[in-house]
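Student: Could we go through a structure together, feature by feature? I would like to learn how each one is read.

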Amino acid sequence: MAKALPGKYNPRRLLQRVSNDLPELLRSEELWLCAWCYRCTERCPQGIQPTEIFLLTRNLASEEGRIPKNPKAIIREIMRSGRSVSVPDGFDEWREGYGLPPIGMTISPKAIEEQRKIFGEELLRRLDA
Ligand code: SF4
């Protein structure tokens, strides 16, 4: 991610901000840019686990209802359809033109209901905050 967003995202700087600038960092979208690839965790010669630190820090931010718009949209779509990306209108017609069946729901309504129970009321509260 640091290579993709030079000057905007740097895991070293983010780690420094976790210890030196936590209140401000919890309000920052930079915290949500880690792609969770675990490269830094695998390569760190000191055994530091930045990925886990960023995940825990995100959890602190979400407890305060500070989830940026894009992650919120992804979570809502997973809760709605089981997919992380919504299917655009007209997609099934487009597929039909190629002789493909409708894409349908990824998971059954029963599984979505179970998923909602697992996510729980707390996640809904954080999404609506
Ligand atoms: S896990 Fe580490 S290397 Fe991967 S995107 Fe996040 S900070 Fe960067």
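Student: Which residues are around the ligand?

Tutor: Bear in mind throughout that this is a predicted model. The shell around the ligand consists of Met-1, Ala-2, Pro-11, Cys-34, Ala-35, Trp-36, Cys-37, Tyr-38, Arg-39, Cys-40, Pro-50 and Thr-51. Two elements, helix H3 (39-43) and helix H4 (50-63), each give two or more residues to that shell.

Student: How many residues of each class does the shell around the ligand have?

Tutor: Sorted by class, the shell holds 10 nonpolar residues, together with 1 polar and 1 charged residue.

Student: What elements does the protein have, and in what order do they run?

Tutor: The protein has 7 helices and 0 strands, and from the N terminus on the order is α-α-α-α-α-α-α. Its radius of gyration is 18 Å, well over the 14 Å that the globule rule gives for 129 residues, so the protein is more spread out than a compact globule. Along the principal axes, the C-alpha trace spans about 55 × 35 × 25 Å, and buried residues make up 5% of the 129 residues.

Student: What share of the contacts with a separation of 6 or more comes from residues 24 or more positions apart?

Tutor: Such residues account for 56% of those contacts in the protein.

Conventions
Residues numbered from 1 in each chain as written. Predicted model: local features only at pLDDT ≥ 70, side-chain atom pairs only at ≥ 80, totals over all residues. Helix = DSSP H or I, 4+ residues; strand = E, 2+ residues; numbered from the N terminus. Rg over C-alpha atoms; globule rule 2.2 N^0.38 Å. Buried ≥ 20, exposed ≤ 12 C-beta atoms within 10 Å, placed from the backbone. Contact = placed C-beta atoms within 7 Å. Near = placed C-beta within 6 Å. Nonpolar A, V, L, I, M, F, W, Y, C, P; charged D, E, K, R; others polar.
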